[in-house]
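Subject: Structure handover

Hi,

Here is the structure for you to take over. My notes on it follow below.

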Amino acid sequence: MNNTAYSNIARFIVLVLVQVLICNHINFLGYINPYPYILFILLFPVKNNRLLIIFLSFLIGLAIDLFQDSGGIHAAASVFIAYARPLILKFSFGMMYEHQTIKFDNVEFGSKFTYISILTLLHQFVLFSLEIFNASKVILVLQKTLFSSIFTILLCILATIIFSRKK
């Protein structure tokens, strides 16, 4: 195995532990709960196999579901954003995605912000739609999606800035 595989394994384990041990205990005002584990899906190398990222997204979602006893909603939301990821990559990065030259440390902030925001909003919407699963509570789903997404986006951008490799 190469360094990329080891770093992905370490990222998987660390993000699951951060989610389970720290972020699951944050529930500010009933709406704000960060989900930084999606960083694993967001930062997974673009050149790797699409089935691999979908399978690993299922595993990370399943790990979170096992700790939260949430019945598979994290796995479903994670698989959804892993499946939608190529479309969002193409939208956010354009030709860089077409040529498979995306390095998240080197892209401009606007593209990175767009990419993280869209996938986070999609994840949170699917997650809370499955959690609440009631058509009469659409406002509650949108409210939880918006507030949790804002906090998760800020946390993800902060983590990418702090842990980016400086050249």
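One definition to begin with: angles between axes under 35 degrees count as roughly parallel, over 145 as roughly antiparallel, 65 to 115 as roughly perpendicular, and the rest as oblique. The axes are lines fitted to C-alpha atoms, for helices over the stretch in contact, and the angles run from 0 to 180 degrees between N-to-C directions. Helices (H or I, at least four residues) and strands (E, at least two) are DSSP runs, numbered from the N terminus.

This is a predicted model: local features need pLDDT of at least 70, side-chain atom pairs count only at pLDDT 80 or more, and totals for chains, interfaces and linings use all residues. Residues are numbered from 1 along each chain as its sequence is written, and side-chain values use heavy atoms, with hydrogens and water left out.

Helix packing

α6 and α7 pack at about 140 degrees, and their axes lie 8 Å apart. The two are therefore oblique to each other.

The contact of α4 with α6 has 16 nonpolar, six polar and three charged residues.

Salt bridge

Searching the whole structure gives one salt bridge (a side-chain nitrogen of Lys or Arg within 4 Å of a carboxyl oxygen of Asp or Glu). The partners are E131 and K144, at 3.1 Å, N to O. E131 sits in α6 (residues 109-132) and K144 in α7 (residues 138-162), 13 residues apart. How exposed is each? E131 is partly exposed, at 39% relative accessible area. K144 is buried, at 14%. Buried means under 20%, exposed over 50%, partly exposed in between (1.4 Å probe, protein chains only).

Annotation

The unreviewed UniProt entry marks residues 12-30, 73-93, 113-133 and 145-163 as "transmembrane region". Positions use the numbering here, feature names are shortened, and annotations may be inferred rather than shown by experiment. Residues 113-133 are 95% helix and 0% strand, with end C-alpha atoms 29 Å apart. Residues 145-163 are also 95% helix and 0% strand, with the ends 26 Å apart.

Best wishes

Definitions and conventions
Nonpolar A, V, L, I, M, F, W, Y, C, P; charged D, E, K, R; others polar.
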